[in-house]
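These are my notebook entries on a structure that I had not looked at before. I wrote down each thing I looked up, together with the terms I needed for it.

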Amino acid sequence: MATAEQQLPLRKPDKPFYFNTSEHLLRIGRERAGTLAELLRALRECPDNSIFQHTFRTLQEHHFIRQGFSNDFAHWSLSACHEPILAEQLASVDVREFTEIAGLRARMVEIVEDFLQQHPRAAARPAHEPFFFCAADLVVMPTPFVPDTLPGFLDALRQVSVHSIHHHFIEARLRLKRMSNDFSQWLEEEMGLRHSALAIERIDIYTNTLEGVRQQIGRIVGQVLN
Amino acid sequence: MSSESNRIPGDDHSSNSPTMTTAAPPPSKPAGPPARPSSRRLPSSVLTPPVPPPTPHLDDYRSIIGTAQIDALRFLAADLKGKTVKMVNSTAVGGGVAEMLNRLVPLLSELEVPTHWEVITGGNDFFEVTKAFHNALHGAQYELTKHAQEIFLMYNEQNLQRMQFAEEVVVIHDPQPAALVRTKEKTSAKWIWRCHIDLSSPNAALWEFLRPFIEEYDAAIFSSQSFARQLPIPQYLFYPCIDPLSEKNKELDDSFIQKVCDDFGIDRSRPIVTQVSRFDRLKDPVGVVEAYKLAKKYVDCQLVLAGGGATDDPEGAVVLQEVKEAAGNDPDIIVLDLPPWCALEINAIQRASTLVIQKSLREGFGLTVTEALWKGKPTIAGAVGGIPNQVIHKLTGVLVHSVEGCAFQIRYLLTHPEFARRIGTSGREHVKENFLITTNVKRWLLLFGILAGSKPAPIAA
């Protein structure tokens with residue numbers, strides 16, 4: 001892993017790492033679902049911002065939970081519809097496997113469609129409470145941290161908010177349009193730390209809190225420095 | 001710190017003194033804390049209102065939310081520099097909206113977004129009409145008369161003549177001043193309607209009367225997704241919030257917590273299960289007593305029911321009596337009818353508690369739940385209203401639907417302290433992320449920015 005990289009002199013990056021962060025405002029959408037059939041219809045028709053809110057963004061809102069929370073559709077399927085099979089299937093969708101909302105939406109639709117084909121009576125059963133679709137209005141902001149050294153990067157990583165970690169590590173895929181994240185991309189392209197970049201990319205966001213993600217990234221980068 | 005330092009010295013007015021009561025004879029146990037009398041007066045320290053503490057500054061929140069979040073607020077505010085805001089509501093004191101504006105307005109102004117707060121005026125007839133509107137919008141039976149409409153419109157027009165709207169953003173809170181929007185075309189401001197009440201099943205005729213005014217606004221804000229209506233304007237979700245530096249929520253010295261427990265006869269060496277709420281049937285205090293009694297067969301604990309409303313509300317007094325009857329002669333049930341200014345004492349009781357219950361049968365948002373979660377307390381709450389937004393079952397607390405469910409969760413949480421600690425920790429983080437006043441300041445800044453023309457970033461920004 002990072003062992004080989006520990007023996008190499010550190011490269012001076014051409015570009016610093018610009019730590020940004022993002023904040024969002026919740027807009028209440030027009031779609032709502034009182035049954036799984038209505039959920040399926042709304043999943044097909046709702047704006048991309050709604051899919052984004054209930055998958056990517058909800059992970060940030062619940063960043064402190066280590067287990068049992070994946071996305072709002074899975075949570076509602078269990079808590080309001082009492083459908084544990086569907087909930088498990090929806091919860092297994094890893095947002096980091098998608099670089100576009102369209103692909104993520106298609107996967108969610110496919111799971112609900114398949115489930116309703118196998119369990120047609122579940123389609124019209126009223127949920128305990130409706131699912132209200134929301135959407136995220138996003139604002140991206142700079143932070144004061146623009147490190148151009150690996151120690152500087154590590155120091156900044158420890159000081160930025162978890163919103164910044166989410167922005168660079170989770171949401172980044174939609175921006176990069178590739179299966180990576182901003183930290184790995186910078187470490188590989190600017191610092192030549194390919195193994196560290198891969199190790200960071202492998203961190204499991206569903207079994208870690210965002211603080212846990214921050215600590216793991218810190219450990220991986222720290223190993224290079226040590 | 002001591003609560004004594006904030007109190008106005010005064011006499012004990014025994015004629016209207018709130019009382020602490022238990023319906024129990026002295027406990028028969030040979031050991032343990034001193035026996036509680038069946039009825040005794042509250043300590044003199046809580047009988048007069050305290051002097052309000054100074055309003056906190058933004059930097060006072062740094063140790064709670066972190067420098068990065070303070071920086072984010074300052075960045076968002078910098079984009080709004082020079083813009084001014086007017087907040088309008090119907091009361092300067094009392095009620096959650098005034099309490100929230102008392103904290104929000106200074107923080108926005110400190111962030112150099114000068115914010116002016118104006119209160120509309122009206123006669124008794126106006127406030128009688130708007131009180132009826134309030135209840136009808138919550139779904140109560142109501143017949144909207146022409147006369148009520150005229151009174152509502154007349155006082156809104158009177159206030160329009162008196163007020164000026166030179167600010168860039170005007171925020172109107174709740175229905176009372178909603179018709180002020182009729183002057184919108186004469187201003188250059190963006191107009192926002194902040195609705196603090198549940199509009200999920202409003203009186204139809206009243207809503208049809210109000211709807212044309214609401215549709216004139218540039219945006220509306222609701223406290224829950226389920227409160228929103230189908231409207232042609234953007235609708236945003238702002239959760240209610242608590243101030244972590246308020247008397248009700250700030251950190252307390254353990255010595256003060258101990259003093260409050262001693263004053264009220266609460267034994268900190270044994271588990272304490274607490275519900276804080278008005279003596280109101282919708283809070284189901286009798287159901288809490290029943291759940292405690294079921295749980296007590298398996299686990300040792302005390303039950304504290306701390307609230308108010310029994311002295312100024314006839315129904316509250318009836319409910320308090322029902323609670324006392326349900327409590328019977330159990331010395332471990334401590335019922336406290338506290339005056340409204342006992343925020344520090346409520347804070348201390350919550351912090352001393354092992355578990356907190358909010359077994360509501362109907363609820364708006366449930367800020368007492370937010371307060372308990374903020375204090376890291378494992379919380380058992382009824383799955384109603386806005387509570388499920390706060391209590392994610394088995395993750396940030398536990399939701400219950402019955403007395404039996406509540407009893408089981410008391411037993412489970414008291415015998416599984418590691419699980420209880422975990423949900424308590426997650427509950428506090430949930431509040432930190434979503435339900436603190438600083439998060440609400442951020443939401444306001446984001447909304448002002450969006451209405452001022454800052455385009456939200458695309459998802460792939």
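This is a predicted model: local features need pLDDT of at least 70, side-chain atom pairs count only at pLDDT 80 or more; totals for chains, interfaces and linings use all residues.

Residues are numbered from 1 along each chain as its sequence is written, and chains are lettered from A and ligands numbered from 1 in the order in which they are written.

Entry on β1 of chain A. I looked up its burial and found that ten of the 14 residues of β1(A) are buried, so the strand is largely enclosed by the rest of the structure. I then looked for its partner, taking two strands to pair if DSSP finds at least two bridges between them. β1(A) runs antiparallel to β2(A), and eleven bridges join the two; in one of these, Ala33(A) has Phe131(A) of β2(A) as its bridge partner.

Entry on the contact between the chains. I counted two residues as in contact if their C-beta atoms, placed from the backbone, lie within 7 Å. By that rule 30 residues of chain A and 32 residues of chain B take part. On the side of chain A, the elements that give two or more residues are β1 (20-33), α3 (48-61), β2 (131-142) and α9 (172-176), and β2(A) gives the most, with seven residues. I sorted that side of chain A into 17 nonpolar, seven polar and six charged residues, where Ala, Val, Leu, Ile, Met, Phe, Trp, Tyr, Cys and Pro count as nonpolar, Asp, Glu, Lys and Arg as charged, and the others, Gly among them, as polar.

Entry on helix packing in chain A. I used axes that are lines fitted to C-alpha atoms, for helices over the stretch in contact, with angles from 0 to 180 degrees between N-to-C directions. The axes of α3(A) and α6(A) (residues 101-118) come within 10 Å and cross at roughly 70 degrees. That makes the two helices α3(A) and α6(A) roughly perpendicular (angles under 35 degrees count as roughly parallel, over 145 as roughly antiparallel, 65 to 115 as roughly perpendicular and the rest as oblique). Asp48(A), Ile51(A), Phe52(A) and Thr55(A) of α3(A) make this contact with Ile101(A), Leu104(A) and Arg105(A) of α6(A).

Entry on chain B. I found 15 helices and 14 strands in chain B, and 48% of its 461 residues count as buried. Strand β7(B) (residues 219-222) pairs in the parallel sense with β6(B) (residues 190-194) over three bridges, and Arg194(B) stands opposite Ile221(B) of β7(B). Three bridges also join β7(B) to β8(B) (residues 235-237), again parallel, with Phe222(B) opposite Leu237(B) of β8(B).

Last entry, on one residue. Is Leu42(B) buried or exposed? Leu42(B) lies in the loop between β2 (39-41) and α1 (62-65) of chain B, and with 20 C-beta neighbours inside 10 Å it counts as buried.

How values were computed
Helices (H or I, at least four residues) and strands (E, at least two) are DSSP runs, numbered from the N terminus. A residue is buried if 20 or more other C-beta atoms lie within 10 Å of its own, exposed if 12 or fewer, and partly exposed in between; C-beta atoms are placed from the backbone.
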